[in-house]
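Reader: I am new to protein structures and would like to learn how to read one. Could you take me through this one step by step?

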Amino acid sequence: APGSLADLSWDDRLSSRCLNVADMRDEARYDFRFSSMSNERPCISIVERREEPDGGFLIDGGRRITGGFEATVTALPDRPLHVLGRFGNEWPLRLRVFVNDRELPAPWFLTAGDHKTWQYQLLTVPEEYVSIRSRLRFEVLPVAHPHVTVYYLWFLQPAAPPSPSYATEKR
């Protein structure tokens, strides 16, 4: 499916980190925060059971946020950073994406869901935006229902190539 891990090139090993949204320890580790763009409650914690693409079921907790969210991830500089999110949105959304306060040229488009299956969406942050500590901020662009429901974020990058001394030693 477009916007999934299948879109990544597996020519290289990937290093990965993950943020389990609504897990207080993970949220603290990534300095996860949310903001509101309306007079509604800025965040509601929820638990849902939905079908996975392989037909199995998964129960996960997440947050329905009315404005945006942000997190800090440790990353390898000068390499693209792939962000794969598990969402449960009722309406299609566009998120403005900022990395270290620099806006990406295009928003992240999230498709609408059906309350039955998990939605997975992939974003690639170009390497020129990535630093060792990358602060990612996602803001819902104005719509009638500005709710983004996020459950899990994976941060994936091509692994560092072997050092020149390692390559020489292997011969």
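Author: Here are some questions and answers about this predicted model. Local features need pLDDT of at least 70 and side-chain atom pairs pLDDT 80 or more, while totals for chains, interfaces and linings use all residues. Residues are numbered from 1 along each chain as its sequence is written, and side-chain values use heavy atoms, with hydrogens and water left out.

Reader: Happy to start! How many helices and strands does the protein chain have?

Author: Helices (H or I, at least four residues) and strands (E, at least two) are DSSP runs, numbered from the N terminus. Along the protein chain the order is β-α-β-β-β-β-β-β-β-β-β-β-β-α. That comes to 2 helices and 12 strands.

Reader: What share of the contacts in the protein chain with a separation of 6 or more joins residues 24 or more positions apart?

Author: A contact means heavy atoms within 4.5 Å. As an example, I46 in strand β3 (residues 43–51) touches residues including D60, T149 and Y151. For residues 24 or more positions apart, the share of the contacts with a separation of 6 or more is 77%.

Reader: Is I46 buried or exposed?

Author: Buried means under 20% relative accessible area, exposed over 50%, and partly exposed in between (1.4 Å probe, protein chains only). I46 has a relative accessibility of 18%, so I46 counts as buried.

Reader: What part of the 171 residues of the protein chain counts as buried?

Author: The cut-off is again under 20% relative accessible area. C43, with a relative accessible area of 12%, is buried, whereas C18 at 29% is partly exposed. Of the 171 residues, the buried part is 43%.

Reader: I see cysteines there. How many disulfides does the structure hold?

Author: A disulfide is a pair of cysteine sulfur atoms within 2.5 Å. By that rule, the number of disulfides in the structure is 0.

Reader: Then let us turn to charges. How many salt bridges are there?

Author: Side chains of opposite charge can pair when their charged atoms come close. A salt bridge is a side-chain nitrogen of Lys or Arg within 4 Å of a carboxyl oxygen of Asp or Glu. R96, D101, E103, R137 and E139 are linked in a network of such bridges. The count by this rule is 12.

Reader: How many residues apart in sequence are the parts tied together by R135 and D31?

Author: The side chains of R135 and D31 meet in a salt bridge of 3.4 Å, N to O. R135 lies in strand β11 (residues 133–140) and D31 in the loop between α1 (24–29) and β2 (33–36), so the pair ties together parts whose separation in sequence is 104 residues.

Reader: Which residue forms a salt bridge with E70?

Author: E70 is partly exposed because its relative accessibility is 23%. The closest N and O atoms of the pair are 2.9 Å apart, and the partner of E70 is R135.

Reader: Where is D78, the residue with a phi near 60 degrees?

Author: Most residues other than glycine have a negative phi. D78 has a positive value although not a glycine, and at 59% relative accessibility D78 counts as exposed. D78 is found in the loop between β5 (67–74) and β6 (81–87).

Reader: And H115, is this residue in a loop or a strand?

Author: H115 also is not a glycine, and its phi is positive, about 65 degrees. At 49% relative accessibility, H115 counts as partly exposed. The place of H115 is the loop between β9 (108–110) and β10 (119–125).

Definitions and conventions
Lists of a residue's contacts leave out its neighbours within four places in sequence.
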